[in-house]
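Welcome, and please load the model in your viewer. We will go from one selection to the next, with a short note on what to look for at each stop.

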Amino acid sequence: MKLSQFRFRLPEEQVALYPAHREFKNEDGTVERIYSRDRCRLMVVHRKSQSIEMYKKDAEGKDTDEFLCFRDLVDYFDEGDTFLFNDTKVFPARLYGTKEKTDAKIEVFLLRELNEELRLWDVLVEPARKIRIGNKLFFDEEGPMVAEVIDNTTSRGRTLRFLYDCPHDEFKRELYSLGSAPLPRYIVERRPAEEADTENFQTIFAKHEGAVTAPATGLHFSRELMKMMEIRGFEFAYVTVHCGLGCFDSIEVEDLTKHKMSSEQMVVDSEACRIVNRAKELEHKVCAVGVSTMRAAETAVGTDGLLKEYEGWTNKFIFPPYDFSLANALITNLYHSESTMLMLTAAFGGYDLIYDAYEKAVSNGYMFGCFGDSMLILDD
């Protein structure tokens with residue numbers, strides 16, 4: 001398929017800058033938000049019947065005028081059905097420093113630690129044109145955190161050596177204390193990061209640190225919802241995919257077969273395989289929560305359709321047409337035009353049906369992006 005087939009017009013006001021919330025204005029004019037991560041809207045797409053649900057039903061099974069919300073997903077699953085989650089943990093990757101001598105403000109986005117002993121990090125810098133090998137960056141006027149640029153890796157990429165002499169755990173704590181939640185650029189260009197983002201941009205089941213962006217669909221799951229799912233007899237399995245920025249990279253080619261995804265580190269352990277494969281054998285639903293989880297599942301699935309243990313990297317790029325081998329349900333967010341996340345969604349749900357669903361989402365005011373509304377795709 002072609003890139004242009006995934007282009008649509010999204011009004012700017014339908015890009016979610018905050019998770020689902022209620023908003024109150026205080027007497028002093030300040031705004032207070034009460035967040036409810038499981039209260040976003042839910043659209044349900046049925047692959048076989050080619051139907052789309054947006055509204056709750058009344059006692060007679062007819063549509064009401066009340067939209068489905070995320071919590072309603074429990075009504076589409078049965079005891080023994082299994083949800084596959086991504087338990088990666090986001091670290092506060094966005095830092096702001098100043099360049100020595102000029103005091104120019106520089107954004108440093110941490111990607112990954114290259115060498116623990118030497119304090120070497122792979123980073124992105126903005127504006128990149130101001131940062132050259134040998135430059136020093138200062139991150140805290142009152143503290144000792146300083147970094148030196150020792151290599152150029154890409155147009156925006158740099159290797160930094162942090163000049164901080166202390167035990168590694170102390171260094172990491174100090175470094176992270178200077179950072180903020182790594183919200184997508186389409187959010188930080190519209191509002192500054194806030195204290196609440198540290199919690200809001202992290203799933204409640206985050207466990208293994210290494211992601212520089214959150215597995216967005218997992219953000220909708222609250223402790224209350226997970227408990228409700230547990231009571232109903234649903235099973236949970238976890239894989240780890242350290243989400244990188246590759247999903248936000250612009251696709252520069254019209255022919256999608258020529259696009260190369262950036263690699264992400266992933267782990268599928270024996271416990272995840274046991275839970276998922278048992279569900280498959282008993283013919284229960286296996287629902288992938290988010291596109292990162294689906295990519296991991298399709299990377300680690302065997303020719304027999306069962307999940308295999310895996311530790312390594314994946315750069316799997318999924319777009320229509322594609323035959324999925326493991327999960328038969330998918331929960332995903334609503335994503336931007338020409339995004340790789342939209343392409344995977346269309347591959348699973350079917351291009352025409354998903355395009356129709358997105359048109360309905362835009363015309364009915366659904367919110368898009370990592371904090372936006374959600375879609376459940378079922379094989380029925």
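In what order do the nine strands of the open sheet run? Keep in mind that this is a predicted model, then colour the strands: the order is 4-3-21-20-18-7-16-17-19, with mixed pairing.

Select strand 4 (51-53) and strand 19 (310-314) next. These stand at the edges of the sheet. Each has a single partner strand, so one side of each is left without a neighbour in the sheet. If you look along the sheet, the twist from one strand to the next averages 20°.

Now zoom in on one pair inside that order. Strand 3 (residues 42-46) and strand 21 (residues 374-378) are joined by five bridges and pair in the parallel sense.

Then select helix 8 (residues 351-363), which lies across strand 3, strand 4, strand 20 and strand 21. Relative to strand 3, helix 8 runs at about 155°.

The largest pocket holds about 1,300 Å³ of space. It is lined by 47 residues, and those closest to its centre are Leu111, Gly244, Leu245, Gly246 and Asp249. Among the elements that give two or more residues to this lining are strand 10 (105-115), strand 11, helix 1 (168-177) and helix 2 (185-188). Strand 10 gives the most, with five residues. Colour the lining by residue class and you get 19 nonpolar, 16 polar and twelve charged residues.

While you have strand 11 (residues 120-126) in view, pick aspartate 122, which lies in this strand. Is aspartate 122 buried or exposed? Its relative accessibility is 10%, and the cut-off for buried is under 20%, so aspartate 122 counts as buried. Its contacts beyond four places away in sequence include Phe109, Leu111, Arg112, Thr153 and Arg158.

The last stop is the second largest pocket, with about 230 Å³ of space. Of its 13 lining residues, Tyr35, Ser36, Arg37, Glu199 and Asn200 lie nearest the centre. Helix 3 (197-200) and helix 4 (223-231) are the elements that give two or more residues to the lining of this pocket. By class, the lining divides into six charged, four nonpolar and three polar residues.

Terms used
Residues are numbered from 1 along each chain as its sequence is written. This is a predicted model: local features need pLDDT of at least 70, side-chain atom pairs count only at pLDDT 80 or more; totals for chains, interfaces and linings use all residues. Side-chain values use heavy atoms; hydrogens and water are left out. Helices (H or I, at least four residues) and strands (E, at least two) are DSSP runs, numbered from the N terminus. Buried means under 20% relative accessible area, exposed over 50%, partly exposed in between (1.4 Å probe, protein chains only). Contact means heavy atoms within 4.5 Å. On a 1 Å grid over the protein atoms alone, a cavity is a set of points where a 1.4 Å probe fits but cannot get out, and a pocket is an open set with protein on both sides within 12 Å along at least five of seven lines; lining residues have an atom within 4 Å of a point. Grid points are joined across faces, edges and corners, and a volume is the space filled by probe spheres set on the points. Ala, Val, Leu, Ile, Met, Phe, Trp, Tyr, Cys and Pro count as nonpolar, Asp, Glu, Lys and Arg as charged, and the others, Gly among them, as polar. Two strands pair if DSSP finds at least two bridges between them. Axes are lines fitted to C-alpha atoms, for helices over the stretch in contact, and angles run from 0 to 180 degrees between N-to-C directions.
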